Amino acid sequence: MNGAAPAAFLVLLCGPACGSPDAGNPGACFSIPACESECAEGSSAGCRKLGWAFEHGLGTAADPARAVAFYGRGCELGSQEACCDLAVLAFEGRGTRKDR
């Protein structure tokens, strides 16, 4: 990419995909233990929801490093949104080394 940061590219590429995991369903129930089970069973959505919770401190203390780990797992499992969220944290240097 000719010196351009991969994270910055991903942020620009999928910007509209980033957002609350339940943006389309504001009444959706959210439970840390339920999401932990989902993620452990291979659900990319469950992993992304955990990343969102740890990034924003929803139902748990904010922990950007754990958010990075869960977004990373969600991305590995095929969630474009989790990949986007991971790229944003890397671009901002939250929970991981800043990607320039």
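**A tour of the salt bridges**

Select Arg48 and Asp85: both are buried (under 20% relative accessible area; exposed is over 50%, partly exposed in between, with a 1.4 Å probe and protein chains only). This is a predicted model, where local features need pLDDT of at least 70, side-chain atom pairs count only at pLDDT 80 or more, and totals for chains, interfaces and linings use all residues. Residues are numbered from 1 along each chain as its sequence is written, and side-chain values use heavy atoms, leaving out hydrogens and water.

Stay on that pair. The side chains of Arg48 and Asp85 form a salt bridge, 2.5 Å from N to O (a side-chain nitrogen of Lys or Arg within 4 Å of a carboxyl oxygen of Asp or Glu). Arg48 sits in helix H3 (residues 44–56) and Asp85 in helix H5 (residues 80–92), so the bridge ties together parts 37 residues apart in sequence. Helices are DSSP runs of H or I, at least four residues, numbered from the N terminus.

Next, select Arg94 and Glu55. Their side chains meet in a salt bridge at 2.9 Å, N to O. Arg94 is in the segment after H5 and Glu55 in helix H3, 39 residues apart. Arg94 is partly exposed at 31%; Glu55 is buried at 14%.

Now go to Arg73 and Glu76. Their closest N and O atoms are 3.7 Å apart, in a salt bridge. Both residues lie in helix H4, three residues apart, about one turn.

Finally, colour by pLDDT, the predictor's confidence in each residue from 0 to 100. The chain mean is 78.

Notes. Helices (H or I, at least four residues) and strands (E, at least two) are DSSP runs, numbered from the N terminus.
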